[in-house]
Amino acid sequence: MTCHLRVLGCSGGIGADLRTTSLLLDDHILIDAGTGVGDLTLDELRNIDYVFLTHSHLDHICSLPFIADAVGGSRDKPLKVYGIYETIHALQEHIFNNVIWPDFTKIPDAKHPFITLHLLEIHEPIKLGAITITALPVDHSIAANAYAICSDTGTLVFSGDTGVSEDFWQAVNQQKQLKHLIIETSFLDQEEVLAVISGHLSPSLLASELRKLDPNTCHPDAKIWVCHLKPDGGDAIMQEIDTHANNLSIKPQKLLRGLTLSF
Ligand SMILES: [Zn+2]
Ligand SMILES: [Zn+2]
């Protein structure tokens with residue numbers, strides 16, 4: 001069965017027409033809960049049964065409290081939220097703490113809450129019907145993970161936020177039939193110092209990272225998509241990526257809100 005990933009948001013910040021990271025997989029699985037979620041209808045929000053988070057930074061989780069609030073009361077089962085320990089702990093401590101937002105893990109009561117929180121281990125596959133979702137390691141400024149999403153026919157890897165990483169590529173190169181790689185590039189080359197200290201990539205860092213991708217992992221039509229561009233870098237970041245991409249076997253393209261990737 002072919003899977004479809006709809007890009008609700010893929011920007012590294014906000015501004016007119018920009019939405020932060022949120023990807024909808026086959027209508028019922030959300031990967032990150034950035035501002036793109038706000039464009040969904042109430043029925044579409046109600047259809048979401050699972051949320052997989054890459055990390056607890058606000059641009060990736062900010063819509064989660066609102067989903068619980070908007071449709072928690074009209075669903076017949078809790079929304080299941082998955083993340084690594086640090087991500088789940090941050091949600092409990094800093095978001096659903098009855099200060100920033102009500103604790104929807106206990107509302108209306110602890111036995112029938114609007115949301116439930118679930119721990120993920122890196123490399124542990126979670127099977128949901130025909131889809132398998134596995135957290136992969138990355139290196140960001142806080143604990144974070146990527147995801148490999150496998151259907152019967154291929155794999156999509158989403159880096160989330162990451163800087164230079166060896167473990168990530170080792171895990172990517174173990175995938176089969178990689179059809180789509182979505183990877184971040186947040187900053188311009190002139191901001192490389194900032195990229196490194198904040199656990200992100202610049203165009204030249206992206207190019208050197210992509211040389212770690214084993215071509216044998218890739219499907220013949222594999223595509224590489226760039227996301228999380230900072231709003232004021234925008235097209236200039238893509239131009240720099242183009243200049244570095246000459247000797248790469250797959251030319252990276254800019255991921256756009258509204259695209260649907262099939263795999
Ligand atoms: Zn981040
Ligand atoms: Zn981010």
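Modeller: H60 is buried, with a relative accessible area of 0%, where buried means under 20% relative accessible area, exposed means over 50%, and partly exposed lies in between, for a 1.4 Å probe and protein chains only. Before going further, please note that this is a predicted model, in which local features need pLDDT of at least 70 and side-chain atom pairs count only at pLDDT 80 or more, while totals for chains, interfaces and linings use all residues. Residues are numbered from 1 along each chain as its sequence is written, chains are lettered from A and ligands numbered from 1 in the order in which they are written, and side-chain values use heavy atoms, with hydrogens and water left out.

A donor here is an N, O or S atom within 2.8 Å of the metal (3.2 Å for Na, K and Ca), and sites may look incomplete, since water is not among the atoms. As a reference, the ideal angle for four tetrahedral donors is 109.5 degrees.

The helices (H or I, at least four residues) and strands (E, at least two) named here are DSSP runs, numbered from the N terminus. H228 is buried, as its relative accessible area is 1%, and its phi is near 65°, a positive value in a residue other than glycine. For comparison, most residues other than glycine have a negative phi.

The zinc ion (ligand 1) has H55 (NE2), H57 (ND1), H140 (NE2) and D161 (OD) as its protein donors, at 2.2 to 2.3 Å, and they are spaced as H-x1-H-x82-H-x20-D along the chain. This site, too, is irregular, with angles of 90 to 164° among the four donor atoms. H55 counts as buried because its relative accessibility is 0%, whereas H57, at 27%, counts as partly exposed.

Let us now return to the loop that holds H228, which lies between β12 and α8, and follow it into the helix. α8 packs against α7 at an angle of about 40°, with the axes 8 Å apart; axes are lines fitted to C-alpha atoms, for helices over the stretch in contact, and angles run from 0 to 180 degrees between N-to-C directions. α7 and α8 are therefore oblique to each other, a word for what remains when angles under 35 degrees count as roughly parallel, over 145 as roughly antiparallel and 65 to 115 as roughly perpendicular. The crossing of α7 and α8 is right-handed, that is, the near helix is turned clockwise from the far one by less than a right angle. The contact is made by P203, S204, L206 and A207 of α7 and by I237, E240, I241 and H244 of α8, where contact means heavy atoms within 4.5 Å.

α7 itself is mostly covered, as six of its eight residues are buried, namely P203, L205, L206, A207, E209 and L210. These buried residues pack against α5 (167-172), β11 (178-184), α6 (192-197), β12 and α8. S208, also placed in helix α7 (residues 203-210), counts as partly exposed because its relative accessibility is 32%. S208 and H244 are 36 residues apart in sequence and 9.0 Å apart in space, C-alpha to C-alpha.

Terms used: Tetrahedral: all angles 85-135°; square planar, octahedral: opposite > 155°, others 65-115°.
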